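Me: I have a new structure open and would like to get my bearings. Can you take some questions?
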Amino acid sequence: MFRRVIKQASSALVQKRFLNVHEYIGKDLMGQYSIDHQRGITIDNLDHVTEATKKLPSQWYIVKSQVLAGGRGKGTFNTGFKGGVKLAKNTEEAVKYSKEMLGNTLFTHQTGPKGQTVRKLFIAECLDISKEYYFAILLRDKPYLVGSSRGGVDIEDVAKNHPEDIVTRAVDINTGLTLEDAKSFAAAIGFKGDYLNKAAHSIVQLYKLGVDKDATVIEINPFAETPDGRVVCIDAKFNFDDNASYRQKSIFALRDIEQEDPKEVAAEKFGLNYIALDGNIACLVNGAGLAMATMDIIQQHGGKPANFLDVGGGATKEAVTAAFKIINSDPNVKGILVNIFGGIMRCDTIAEGLVAASQAVGVSVPVVVRLAGTNQERGNQILKESGLALISANDLDDAASKIVSITKAKA
């Protein structure tokens with residue numbers, strides 16, 4: 001449900017930045033906080049599957065692909081095998097399913113067209129579930145508890161079709177979450193009797209985990225009752241605040257950059273804010289607000305942005321060069337729009353970076369440049385003297401009109 005995205009709603013774009021970790025890491029964290037969860041063993045080698053099943057208390061097992069995307073159960077592998085989460089009724093089936101998953105690429109509605117390679121599996125105990133709930137803690141302007149009696153399904157579908165079944169409550173950050181608060185919330189989503197007490201205990205501990213570890217999202221779906229009296233966290237999704245990386249070093253050391261967009265990873269090394277989109281016009285802009293305005297006006301002229309890229313106010317020539325290389329490496333890009341308002345960021349620095357990048361990697365697509373502000377004249381002079389085939393623009397509207405017209409003509 002929750003992942004790193006740029007969400008577009010009409011003409012607004014909002015960037016969400018956080019660390020997303022694998023399910024097995026979330027399960028390990030819950031174990032540290034005495035939260036009842038589905039037990040399992042993480043493997044990265046097929047030779048370890050049999051041993052893993054022998055260590056689990058159940059006779060049936062759940063084989064789970066570990067990828068940073070939702071919809072695993074409904075996903076399809078590059079081999080044609082369907083399902084990234086499978087029920088195995090014996091060890092032999094666990095081995096068979098593991099062979100189909102480990103090392104192959106899984107495609108879901110959240111992985112994107114390239115999919116994600118499964119490098120680890122979580123071999124979990126199979127539990128008898130009598131009732132499924134949904135529970136999450138979301139950090140927005142304050143922490144919110146979100147729950148529903150309709151668990152085990154996509155919460156987006158519940159929100160769309162049964163919004164009355166979703167309960168949301170804010171937590172006072174000054175007093176925190178008390179056990180009585182947790183009991184009241186558990187009762188509101190349907191827990192009763194001893195199940196209510198156990199659910200409340202887990203809710204309190206999940207909240208403590210979130211505060212201690214700077215979590216922005218903790219999502220448990222399903223949050224389940226079992227016939228033998230347990231309340232178990234079956235599936236877990238955890239996100240952590242990027243700004244807390246300096247004090248959560250042990251968690252951020254578990255980051256799986258192999259399942260992130262390599263362009264985003266490269267951009268981060270230079271302090272650039274980059275998010276890939278699905279259009280064909282790349283944007284290189286300074287300032288998040290200006291970047292969003294640039295993408296809006298591209299769309300108004302009938303184009304489609306290929307990325308969100310903010311070089312910020314203090315970018316160096318090297319960072320600008322790196323930014324240009326990143327967007328130029330995207331095979332979907334058919335044109336580049338550079339839109340710089342020189343305040344803290346100087347236009348001549350941008351110009352030097354563009355020239356250096358063009359000389360280093362070459363430019364195979366049209367580039368429209370609009371420079372305004374600090375050292376504007378010097379920046380334009382650098383570009384003119386470079387001999388590069390750049391197209392200048394008088395203002396943002398002119399720049400967007402030109403790049404959209406050029407890319408449409410080349411299509």
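Predicted model: local features only at pLDDT ≥ 70, side-chain atom pairs only at ≥ 80, totals over all residues.

Me: How many helices and strands does the chain have?
Reply: There are 13 helices and 22 strands in the chain.

Me: And what does the C-alpha trace span along its principal axes?
Reply: About 75 × 50 × 40 Å.

Me: What share of the residues count as buried?
Reply: 51% of the 411 residues. The chain's accessible surface is about 18,800 Å², and carbon and sulfur atoms make up 49% of that.

Me: Switching to Ser-148. Where does it lie?
Reply: Ser-148 is in strand 12, which covers residues 143-148.

Me: Is Ser-148 buried or exposed?
Reply: Ser-148 is buried, because its relative accessible area is 0% and the cut-off for buried is under 20%.

Me: Which residues does Ser-148 touch?
Reply: Leaving aside residues up to four places away in sequence, Ser-148 touches Tyr-133, Tyr-134, Ile-155, Val-158, Asp-165, Ile-166 and Ile-189. A polar atom of the Ser-148 side chain lies 2.8 Å from the backbone oxygen of Asp-165. For the backbone nitrogen of Arg-150, the distance to a polar atom of that side chain is 3.0 Å.

Me: New topic: how many salt bridges does the structure hold?
Reply: It holds 18. In general, side chains with opposite charges can pair when their charged atoms come close.

Me: Which side chain meets Glu-125 in a salt bridge?
Reply: That of Arg-39, at 3.0 Å from N to O. The pair links distant parts of the chain, 86 residues apart: Glu-125 is in strand 10, and Arg-39 is in the loop between helix 1 and strand 4.

Me: Of those two, what is the accessibility?
Reply: Glu-125 is buried at 2% relative accessibility, while Arg-39 is partly exposed at 39%.

Me: What about Asp-194, which residue is its salt-bridge partner?
Reply: Lys-198, with the closest N and O atoms 3.5 Å apart. Both residues sit in helix 6, 4 residues apart, about one turn of the helix. Asp-194 is partly exposed at 48%, and Lys-198 is partly exposed at 34%.

Me: And which residue forms a salt bridge with Arg-255?
Reply: Glu-268, where the closest N and O atoms are 2.9 Å apart. Arg-255 lies in the loop between helix 7 and helix 8, and Glu-268 lies in helix 8, so the pair ties together parts 13 residues apart in sequence.

Notes: Residues numbered from 1 in each chain as written. Heavy atoms only, no water. Helix = DSSP H or I, 4+ residues; strand = E, 2+ residues; numbered from the N terminus. Buried < 20%, exposed > 50% of the residue type's maximum accessible area, 1.4 Å probe, protein only. Areas by Shrake-Rupley, 256 points an atom, 1.4 Å probe, with all protein chains shown as cover. Polar contact = N/O pair within 3.5 Å; in protein donor to acceptor, adjacent residues only side chain to side chain. Contact = heavy atoms within 4.5 Å. Salt bridge = Lys/Arg side-chain N within 4 Å of Asp/Glu carboxyl O.
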